Amino acid sequence: MNWIDAHLPVLPVLLPSITAIVLLLIGDHGGEDAAHGHRKLLWARRLALASVFVGLLIAARLVAEAADGGVRAYLLGEWPAPFGIALVVDRLGALMLLLTSLVALPVLWYASGGWDAHGRYFHAIFQFQLMGLNGAFVTGDLFNLFVFFEVLLIASYVLMAHGQGVVRLRVGLHYVVLNLAASALFLIGVSLLYAKTGTLNLADLALRVPELKGADATLAQSAAWLLLVVFGFKAALLPLSLWLPATYAAACAPVAALFAIMTKVGVYAIWRVHGVVFGADAGASAYAVESVLLPLALGTSILGVLGALAAHTMERLVAWLTVASVGTVLVAVSLFSTAAWSAGMYYMANSTLVVAGLFLLAELVAAQRGDAADRLEPAAALAQPALLGVLMLLAAASAAGLPPLPGFIGKLMLLEASSAHTWQVAVWATVLSVGFLTLVGLARAGSILFWHVRDDLPAGSYAGSSPKLVGATMLLLAATVAMSIFAAPIQRYTADAAQQLEDRGAYARAVLDTQAGRSETTRPYTGTVTAPPAGAASAAEALR
Amino acid sequence: MSIEFLVASGIGWVVAVGVYLMLRGRSFAVVLGLSLVGYAVNVFIFSMGRLWSAAPPILGAKELLADPLPQALVLTAIVIGFATTGFVIELALRGHHDGGNDHVDGRDEAGAQDAGAR
């Protein structure tokens with residue numbers, strides 16, 4: 001038990017990667033009707049579900065530890081922090097880990113209902129995706145963030161094309177190319193930051209960026225802008241959000257539901273880099289991107305909800321709602337206050353669960369509507385209008401922010417937090433009107449799906465509504481209801497998490513050196529060799 | 001002309017070519033553009049450790065030191081870039097097979113115009 005406890009922070013990364021390797025070794029089911037292949041698929045399902053469940057337990061344990069402890073640093077191979085690879089679990093990181101597992105478990109259960117047989121190696125790729133997500137949430141290093149971004153992206157490229165088809169391949173190509181271009185920008189931003197500070201460790205960066213002045217600070221800020229483009233692209237921030245609806249709508253339902261957490265990786269990275277490193281105490285670089293992030297975030301919300309109103313299929317509507325919810329979370333991030341960040345975390349957790357649930361629900365509904373599928377037009381009556389209708393109502397009310405569901409609590413916290421801000425009017429107007437328009441959009445979709453019944457068509461079949469599929473969807477929506485019931489403890493946790501996030505000193509003390517709270521490094525080189533180890537300077541003289 | 005100027009303008013030129021290619025309508029050109037941008041970015045990372053000549057990246061040597069970290073980073077970036085390029089080529093080939101043409105939007109007539117213009 002002690003051994004597991006000591007290595008707890010690395011387990012969220014190790015567990016899915018080992019599971020994925022074992023799944024690869026088990027092999028693919030190959031062909032849906034082969035009896036031998038079917039047994040392999042069954043084993044793959046059991047193993048994957050067990051692994052994700054253990055992952056959920058680990059994440060819950062980490063959250064419990066983070067709730068009453070400080071920042072926990074894990075040094076891989078015991079290399080000291082700014083030089084080696086450091087994993088850091090603080091309250092925000094632990095919360096994101098838990099959220100990932102909470103989304104992954106029902107989604108995987110849903111996928112086991114049949115989608116995983118539509119392509120090859122679904123379960124292995126799914127585990128690699130989880131490894132990338134978890135890694136991005138625990139890493140304490142900007143370059144490792146890039147590496148884990150790539151891991152989760154490569155897995156997502158394959159999941160995106162899962163199930164094949166011309167549309168998925170075409171949209172998948174767009175998705176891959178855009179992400180590769182963003183990765184190039186990520187590398188440029190990271191290396192610029194390295195050139196100016198001589199470190200990529202987030203704790204160390206938070207100490208060194210405030211020391212930069214003049215031209216150096218300007219260059220570091222331009223790196224921050226580049227990184228904002230990259231993270232904004234992942235999170236679907238305003239001018240970079242148009243890829244998302246097409247991609248998510250083309251992906252199969254469980255994959256789209258899992259992707260609901262992927263936009264949050266971008267939000268999380270913005271939080272870490274622009275919220276903390278370039279945040280309040282960053283000296284000359286303080287609030288480097290605030291002036292642009294807030295208007296763009298507000299615009300993202302509005303664009304998202306307008307897209308949802310104009311959508312002609314249910315999947316596209318949900319995809320646009322993802323954009324709107326990301327906008328709302330980014331508004332909270334860009335308000336730069338503890339209360340707003342706490343609200344943002346609460347709202348992010350809720351909106352991720354709701355959006356994932358809606359993606360699954362959209363497919364359940366579509367499966368019972370015959371040829372119309374998820375197009376918003378009159379079609380045959382559903383086989384289970386009451387069950388699916390209640391689920392839809394629940395999800396819609398939470399997405400729009402109606403009391404007593406958690407969407408309401410999150411938005412209320414956000415409105416309160418913005419009350420002294422200069423942009424208060426804009427924030428209130430946007431958040432409230434986005435909530436209202438979300439409700440209008442979902443009400444329109446709901447009334448078409450459930451009430452505009454064409455009598456000339458035969459009633460829908462029970463296709464695609466096995467207890468497994470419905471149960472997985474219910475589980476996700478039940479999680480959002482639970483967020484409402486346990487609102488007080490969760491709110492306390494997010495408030496603590498926001499406070500912890502702002503305390504860059506404590507983070508640095510935990511990650512770097514426990515005594516000094518300050519790393520020793522010879523970098524960055526200035527060109528005139530004075531800083532490097534003894535001997536180097538005289539050698540430079542000798543070379544001249 | 002300093003070596004820094006040469007390297008910087010070289011990176012700029014390769015990125016410009018890469019961006020031009022990425023904006024083309026054929027997935028083959030797009031892949032080439034991505035690779036070129038990837039190369040330029042790799043050189044950029046490398047040069048962010050400053051440009052040194054005749055300096056080994058080994059601590060403790062009685063000489064001038066080059067910064068070893070960007071060299072390690074660039075190795076990682078090269079490996080990842082190689083893997084993703086391989087994947088995107090496979091994806092483009094698959095799209096070409098299933099869709100019948102290698103236009104990025106899958107539209108044949110637009111592709112035909114593009115080819116005719118050449």
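Let's start with chain B: residues 24 or more positions apart account for 47% of its contacts with a separation of 6 or more. Keep in mind that this is a predicted model. Of its 118 residues, 31% are buried.

Now to the backbone of chain A.

Take A:Tyr121, which isn't a glycine, yet its phi is positive, at about 55°. You'll find A:Tyr121 in the loop between α4 (91–111) and α5 (122–138) of chain A. Is A:Tyr121 buried or exposed? With 20 other C-beta atoms within 10 Å, A:Tyr121 is buried, because 20 or more is the cut-off for that label.

A:Phe336 also isn't a glycine, and its phi is positive too, at about 50°. This residue belongs to the loop between α14 (314–334) and α15 (338–367) of chain A. A:Phe336 has 19 other C-beta atoms within 10 Å, so it counts as partly exposed.

Then there's the peptide bond. A:Pro403 and A:Pro404 are joined by a cis peptide bond, with omega at about 5°. As for where to look, A:Pro404 sits in the loop between α16 (385–400) and α17 (406–417) of chain A.

Notes. Residues numbered from 1 in each chain as written. Chains lettered and ligands numbered in written order. Predicted model: local features only at pLDDT ≥ 70, side-chain atom pairs only at ≥ 80, totals over all residues. Helix = DSSP H or I, 4+ residues; strand = E, 2+ residues; numbered from the N terminus. Buried ≥ 20, exposed ≤ 12 C-beta atoms within 10 Å, placed from the backbone. Contact = placed C-beta atoms within 7 Å.
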